Amino acid sequence: MNFRMAVLEDIEQVCDLVRLSIIHMEQQHIFQWDEIYPAREDFIKDIHNGELFVGQLNGNIAVIYTINKRCEKEYQNGQWNNPNCEYRIIHRLCVHPDLQNQGLAKATLFYIEEQLRAMKVDAIRLDVFSKNPAALALYSNCGYKKTGYADWRKGRFFLMEKSLFK
């Protein structure tokens, strides 16, 4: 898989990937995303800020994610390993439904971790929907630890963190 920063020309493929992912999640009774979030405007903002990345297979977008330091105030509920360390937050990691269960999310996390280690970032933080068993298993199996929770519009999300230098 080839990773790169997203550009505005990617927006239709990104939105299609997310739309299909919402349908796929809802078929599994996972109601974490909808027409309100994440929205096209979120991805356009991410592109303008240089924070949306895509992973491509055979010229098509297979995975997307946003990475930055921005978070909701509920992140204060996290019992972070080192609250004052240099960290980044992964938002909206999403694999195309046709390509799930092939290790792409795990490979993407590994890629992100390596890039952030090279930037001397100490930790990665994220939130994961408490009713999304596949995402919970992915992050737990990749070494992310629960540090707290946040209650948002769609329900409870677990805050998670992984230290990149142990």
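This is a predicted model: local features need pLDDT of at least 70, side-chain atom pairs count only at pLDDT 80 or more; totals for chains, interfaces and linings use all residues.

Colleague: Is Lys-120 buried or exposed?

Modeller: Lys-120 counts as exposed, because its relative accessibility is 60% and the cut-off for exposed is over 50%. Its backbone is worth a look too: phi is positive, about 65 degrees, although Lys-120 is not a glycine.

Colleague: And Asn-101, what is its phi?

Modeller: Phi of Asn-101 is near 65 degrees, which is a positive value in a residue other than glycine. You'll find Asn-101 in the loop between strand 4 and helix 3. With 82% relative accessibility, Asn-101 counts as exposed.

Colleague: OK, new topic. Which residues of helix 2 are buried?

Modeller: Phe-43, Asp-46 and Ile-47 are buried there. They span an arc of only 100 degrees around the axis, so they lie on the same side of helix 2.

Colleague: Nice. What is exposed on the other side of helix 2?

Modeller: Glu-41 and His-48 are exposed on that other side.

Colleague: What do the buried residues of helix 2 pack against?

Modeller: They pack against helix 1, strand 2, strand 3 and strand 4. There is also a backbone detail at each end of the story. Just after helix 2, Gly-50 takes a positive phi of about 70 degrees. In the loop between helix 1 and helix 2 you'll find Pro-38, and a cis peptide bond joins Tyr-37 to Pro-38, with omega about -5 degrees.

Colleague: Let's talk pockets. What volume does the largest pocket have?

Modeller: The largest pocket has a volume of about 1300 Å³. Its lining is made of 46 residues, and Gln-32, Trp-33, Arg-92, Leu-93 and Asp-127 are the ones nearest its centre. Among the elements that give two or more residues to the lining are helix 1, helix 3 and strand 5.

Colleague: Which element gives the most to that lining?

Modeller: That is strand 4, which gives 6 residues.

Colleague: And what classes of residue are in the lining of the largest pocket?

Modeller: By class, the lining has 24 nonpolar, 12 polar and 10 charged residues.

Colleague: What does Gly-78 touch, not counting residues up to four places away in sequence?

Modeller: Gly-78 touches Thr-147 and Leu-159. Gly-78 itself is in the loop between strand 3 and strand 4.

Colleague: Buried or exposed, that Gly-78?

Modeller: Gly-78 is buried, because its relative accessible area is 9% and buried means under 20%.

Colleague: One last thing: how far apart are Gly-78 and Gln-27 in space?

Modeller: From C-alpha to C-alpha they are 31 Å apart, and in sequence they are 51 residues apart.

Technical notes
Residues are numbered from 1 along each chain as its sequence is written. Side-chain values use heavy atoms; hydrogens and water are left out. On a 1 Å grid over the protein atoms alone, a cavity is a set of points where a 1.4 Å probe fits but cannot get out, and a pocket is an open set with protein on both sides within 12 Å along at least five of seven lines; lining residues have an atom within 4 Å of a point. Grid points are joined across faces, edges and corners, and a volume is the space filled by probe spheres set on the points. Helices (H or I, at least four residues) and strands (E, at least two) are DSSP runs, numbered from the N terminus. Ala, Val, Leu, Ile, Met, Phe, Trp, Tyr, Cys and Pro count as nonpolar, Asp, Glu, Lys and Arg as charged, and the others, Gly among them, as polar. Buried means under 20% relative accessible area, exposed over 50%, partly exposed in between (1.4 Å probe, protein chains only). The arc is that of the directions from the helix axis to the C-beta atoms. Contact means heavy atoms within 4.5 Å.
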